[in-house]
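Colleague: I have not looked at this one before. Can we go through it together?
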Amino acid sequence: MKVLVISDIHANLTALETVLEDAGDYDAVWCLGDLVGYGPDPNECIEVVQTLPNLKCLIGNHDQAALGLIPLERFNMDAHQAAAWTQNVLTEENSGFLYDLPELIEVERFVLSHGSPRNPMWEYILDPFVADRNFDFMQHDFALVGHSHLPLIFSRKPEEDVAINIPVLAQQPVTLEPQMILNPGSVGQPRDLDRRASYAILDLAELTWQLHRVEYNFSSVQLRILEAGLPERQALRLSAGW
Ligand code: ZN
């Protein structure tokens, strides 16, 4: 079974549609949260995600903000403005879809969370130290996370007690071995200075993880961001991936 793993779509419909086309055949989709926030197409993205096959989908911190579940003061100015804009445009039905999403999903040997297994909504796993604390906490062999918008893999072998950061290259499959924390990067707002949309294919039979990057028409998204009156910075960053 092939699972398309996506995260941090951030209301970027063009990137989402390009990823879905580029991914080819898959049996299931696991979405790690932040469907909305920053971008101009929150309703459209939610409506597309809902139709994906065998969907497992988490709520992210920006989704919670768009529902008014967390104070917008927790965000920087741009994210705050975008969240307030999103609150205004979200339809009742689409808000309801976000509201029902869980913070944590456990499936077979995997635990899925937006931030980290021990702090699903807010913790960023960016370095081996924080990965280590999460390995100590995890009950599963593998954790899938988003939130940082960076494609990353951390690994810790059972006989060792220090996590390491494994380099991730697009198109090169990595064989999964206990224990690993894997991040597919961001569909709609990559932050590793590579503007291409990021996603992963998880092959549950072969136990492999393959990162993919794909160019999309980011200038059309930039136009919609400006037309919507969203912060200009959110348009600029899509050109360079920061
Ligand atoms: Zn995000």
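Colleague: Which residues do ring pairs link into a cluster?
Modeller: Trp30, Phe110 and Phe142. Keep in mind throughout that this is a predicted model.

Colleague: How many aromatic pairs are there in the whole structure?
Modeller: A search of the whole structure gives 3 aromatic pairs. One of them is Trp30 with Phe110: the ring centres are 5.7 Å apart and the planes meet at 70°, so the pair is edge-to-face.

Colleague: Where in the chain do the two residues of that pair sit?
Modeller: In distant parts of it. Trp30 belongs to strand β2 (residues 28-31) and Phe110 to strand β5 (residues 110-113), 80 residues apart.

Colleague: Are Trp30 and Phe110 buried or exposed?
Modeller: Trp30 and Phe110 are both buried.

Colleague: And Phe75 with Trp122, what kind of aromatic pair is that?
Modeller: Phe75 and Trp122 make a tilted pair, with 5.9 Å from centre to centre and 50° between the planes.

Colleague: Is Phe75 buried or exposed?
Modeller: Phe75 counts as buried because its relative accessibility is 11%, under the 20% limit. Trp122 is at 23% relative accessible area, so Trp122 is partly exposed.

Colleague: Which residue lies over the face of Phe129?
Modeller: Arg133, at 4.9 Å from the ring centre. In another case, Arg237 lies over the face of Tyr38, 5.5 Å from the ring centre.

Colleague: Changing topic. What are the protein donors of the zinc ion?
Modeller: Asp8 (OD), His10 (NE2), Asp34 (OD) and His149 (NE2) are the protein donors, at 2.1 to 2.4 Å from the zinc ion. Along the chain, the donors of the zinc ion have the spacing D-x1-H-x23-D-x114-H. Asp8 and His10 are both buried.

Colleague: Why is the arrangement around the zinc ion irregular?
Modeller: Because the angles subtended by the 4 donor atoms run from 86 to 178°. A tetrahedral site would need all angles between 85 and 135 degrees.

Colleague: Now the strands. What order do the 6 strands of the open sheet follow?
Modeller: The order is β3-β2-β1-β11-β12-β9, and the pairing is mixed.

Colleague: What about strand β10, why is it called largely enclosed?
Modeller: Because 5 of the 5 residues of β10 (residues 180-184) are buried, the strand is largely enclosed by the rest of the structure. Both of its faces are covered. Met180, Leu182 and Pro184 are on one side, with Ile181 and Asn183 on the other.

Colleague: In what sense do β6 and β10 pair, and over how many bridges?
Modeller: Strand β6 (residues 142-144) pairs with β10 in the parallel sense, over 3 bridges. Ala143 stands opposite Ile181 in β10. Strand β7 (residues 151-155) runs antiparallel to β10, and 5 bridges join them. Ser155 has Met180 in β10 as its bridge partner.

Colleague: Helices, then. Which residues of α2 are buried?
Modeller: In helix α2 (residues 42-50), the buried residues are Pro42, Asn43, Cys45, Ile46, Val48 and Val49. The elements covering them include α1 (13-22), β3 (55-57), α4 and α5 (92-99).

Colleague: Last one: where is Gln64 found, and what does Gln64 touch?
Modeller: Gln64 is in helix α3. Not counting residues up to four places away in sequence, Gln64 touches Ile59, Leu69, Ile70, Glu103 and Met121. Its relative accessibility is 10%, so Gln64 counts as buried.

Notes
Residues are numbered from 1 along each chain as its sequence is written. This is a predicted model: local features need pLDDT of at least 70, side-chain atom pairs count only at pLDDT 80 or more; totals for chains, interfaces and linings use all residues. Side-chain values use heavy atoms; hydrogens and water are left out. Donors are N, O and S atoms within 2.8 Å of the metal (3.2 Å for Na, K and Ca); water is not among the atoms, so sites may look incomplete. Four donors count as tetrahedral if all angles lie between 85 and 135 degrees; four count as square planar and six as octahedral if opposite donors are over 155 degrees apart and all others between 65 and 115; anything else is irregular. Buried means under 20% relative accessible area, exposed over 50%, partly exposed in between (1.4 Å probe, protein chains only). Rings of Phe, Tyr and Trp (its six-membered ring) pair if their centres lie within 6.5 Å; planes under 30 degrees apart count as stacked, over 60 as edge-to-face and the rest as tilted. Helices (H or I, at least four residues) and strands (E, at least two) are DSSP runs, numbered from the N terminus. A charge sits over a ring if NZ of Lys or CZ of Arg is within 6 Å of the ring centre and within 35 degrees of the ring normal. Two strands pair if DSSP finds at least two bridges between them. Contact means heavy atoms within 4.5 Å.
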